[in-house]
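Hi,

Here is the structure I promised to pass on. Have a look first, and my notes follow below.

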There are 2 protein chains.
Amino acid sequence: MAEQEEHPKTDQHANVLIIAGSETDANIYYASRFLAPDPFIYLQVHGKSLLLMSDLEVDRARAQSTVDQVLPYSEYEAKTKISGLAAPSLTDVLHVLMAEHAVSEWVVPANFPLRHADQLRKLGHTLITKNEPFFEQRSLKTPQEVDAIRQAQIAVEAALDSTLDLLRQSEIKDGLLLLGGEALTSESVRRHLDLALMKKGCIAQHTIVSCGVDACDPHNEGSGPLRANQSIIFDIFPRSNETRYHADMTRTVVKGKAPDTIKRLYDTVLEGQLLGIQQVKSGANGKDIHQSIMNYFEERGYQTGLIDGRMQGFFHGTGHGIGLDIHEPPRISRVDHLLQEGEVVTVEPGLYYPKIGAVRIEDMVLVEKEGCRNLTTYPKFLELD
Amino acid sequence: MAEQEEHPKTDQHANVLIIAGSETDANIYYASRFLAPDPFIYLQVHGKSLLLMSDLEVDRARAQSTVDQVLPYSEYEAKTKISGLAAPSLTDVLHVLMAEHAVSEWVVPANFPLRHADQLRKLGHTLITKNEPFFEQRSLKTPQEVDAIRQAQIAVEAALDSTLDLLRQSEIKDGLLLLGGEALTSESVRRHLDLALMKKGCIAQHTIVSCGVDACDPHNEGSGPLRANQSIIFDIFPRSNETRYHADMTRTVVKGKAPDTIKRLYDTVLEGQLLGIQQVKSGANGKDIHQSIMNYFEERGYQTGLIDGRMQGFFHGTGHGIGLDIHEPPRISRVDHLLQEGEVVTVEPGLYYPKIGAVRIEDMVLVEKEGCRNLTTYPKFLELD
């Protein structure tokens, strides 16, 4: 079994193997720019990129992918049969192709499928896993990639704007938000948001519209009637259908009057977020940024930890990279990471106390040499006018 | 390194380990019924199911998942540190939990991440991969699962119906389909379909609306103006937001007058499809069903293979299982598979000839003891009235 190596460089000199479906695996999509529902095979060998594709996909792959060459699986399957195997497995067929290139050492992603790995190792191949970012350049966004993210963000901002208009137009009655005689709910507002996003070419899943105690669980999507005078979190993170890049934004609002406890919570989170954004620049350590926000919250009297048997305070990371995946390297968290020019990261501290409410505020920023560019232009306010 | 075993049973006596994100990995979702964007850890140990969850997700997992116990990752991380590791990896932490249960042999899915596997093996664990279906019972749908698929299918049929109305209402001018002065395109019609699906609680991606030569590539999504007197393929396969189960249906239509060549192609595919459906029952071999359709097409003079440098004829499988994944076991294809009562499979032969056009017709059927139940109720017709 190959020894682990911490960071082999996935450069032109490494021979790379990925087996995955590009619908769910952003690395193989990044490498091939080819979308297919079922797993396929990508190789980078002697500096050349190859796909080995089923008959069903071979012509489409030739037309759509960016690799140097698309090879038909059936052709290599036939060669494998000639070599004496009646019912060759995928790895048997791949082995024949690999032998043609006289390569037996491969860098593979950390999530490379174990069964294929075991079979290839039995056939004499050495597989070395490499952690994310598998392709370093995936973290460093090109101007085109930044533009794709910004385009998705424009859709997010328009969708939130039209959604907050619903809340603005609603009337408060018995603590509920009534519009056209119906109470606005997490579900109905989420549907409005997701439809608005789809009309702008974005697919949203698990959009968070959560209110009150629900929102104190950061990944709770929210359910039931929205309530006046409580904080409502909108966390919106769709993918563009056209480019497959994501945007990600969170805003917290109150319909009606925000109690002082929520106002103070909001101001603290906003100050914490600005403190974070202010420190983002090439060379800054994400761990320091995260810790400084944590410290600021504690100075303001907001403790983090297990309280009454549940996690309260600020118990998630400050931010994450974004691109073809909604969560991708780097993290701004408890772990060391020196930010690099070209990374796009979220900055999204939050504070969660079931007895008060929840506040999270999130922007996306592009790391630059001397600071960062905020890709989010939506205003920040607590009470709806 | 553990030897491969072909089919260990993932029953109550096997100790099972999965590390995956449930948004993209249906096995961990099936086992936990818990949705989270980032990878988490599922164990089945001594007949008990466990999740090891980050602080961020632990409370939500306790509320939403169906496992016996949810353990906080941070608690085991602290234990690992006490044992002397300053910066324990995920597998170090998992190893401490595994040691508490005195288990070191694990059945894992074929797609188990290689890096974690290598690390666990180094720590003395034996990992045995098991091919799909990892959980045999996932292929055998319960009445609730069949109902979830059928509910998604109802949305598909309503969405296609309203979409075909657009084509019905359109006027033919210069070979294009004009509606309100605009030419209907693959893109505009797909947008209509996807919005109709979303309004019914389904998420569609890569819906196929392809016309003419585009449609001769079975996974081409289609682009540009739809044309009169050519075959147009609609392949619709969304997932229900609520249940996460999929439906999948394909219909082929012509606006205007279908040429005789397309009519004959359509009749042949339809006959082939009915021939397939007729053979579906418990114990039937999928390979025989696939071959009989292939034979029928050849009898009717429709050859399959490389013609003028591209694949033509019937060059994909007859069908696939469907459920939490759009493509899941079993396949009805060149490979042996004895159908079992409770499987839900598509039957979707197609014929593709750039000089004629493309036809594919797809229903979903539930395998029964003496036949099958068609879960698709949408009519089949070629020309729009």
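**The second largest pocket**

The second largest pocket holds about 840 Å³ of space. This is a predicted model, so local features need pLDDT of at least 70 and side-chain atom pairs count only at pLDDT 80 or more, while totals for chains, interfaces and linings use all residues. Residues are numbered from 1 along each chain as its sequence is written, chains are lettered from A and ligands numbered from 1 in the order in which they are written, and side-chain values use heavy atoms, with hydrogens and water left out.

The pocket has 28 lining residues, and the closest to its centre are A:R190, A:H206, A:E221, B:N241 and B:E242. (A pocket here is an open set of points on a 1 Å grid over the protein atoms alone where a 1.4 Å probe fits, with protein on both sides within 12 Å along at least five of seven lines; lining residues have an atom within 4 Å of a point. Points are joined across faces, edges and corners, and the volume is the space filled by probe spheres set on them.)

Two or more lining residues come from each of α7 (186-199) of chain A and α2 (55-64) and α8 (186-199) of chain B. α7(A) gives the largest share, five residues. (Helices are DSSP runs of H or I with at least four residues, strands runs of E with at least two, numbered from the N terminus.) By class, the lining has twelve charged, nine polar and seven nonpolar residues. (Asp, Glu, Lys and Arg count as charged; Ala, Val, Leu, Ile, Met, Phe, Trp, Tyr, Cys and Pro as nonpolar; the others, Gly among them, as polar.)

**Strand β22 of chain A**

Five of the five residues of β22(A), 363-367, are buried, so the strand is largely enclosed by the rest of the structure. (Buried is under 20% relative accessible area, exposed over 50%, partly exposed in between, with a 1.4 Å probe and protein chains only.) A:D363, A:V365 and A:V367 point one way, A:M364 and A:L366 the other.

β22(A) runs antiparallel to β19(A), residues 344-347, with four bridges, and A:T346 stands opposite A:M364. (Strands pair if DSSP finds at least two bridges between them.) Three bridges join β22(A) to β23(A), residues 372-374, also antiparallel; there A:V367 has A:C372 as its bridge partner. A hairpin of four residues links β22(A) to β23(A).

**One loop glycine**

A:G47 sits in the loop between β2 (40-45) and β3 (48-53) of chain A. A:G47 is partly exposed, at 32% relative accessible area.

Cheers
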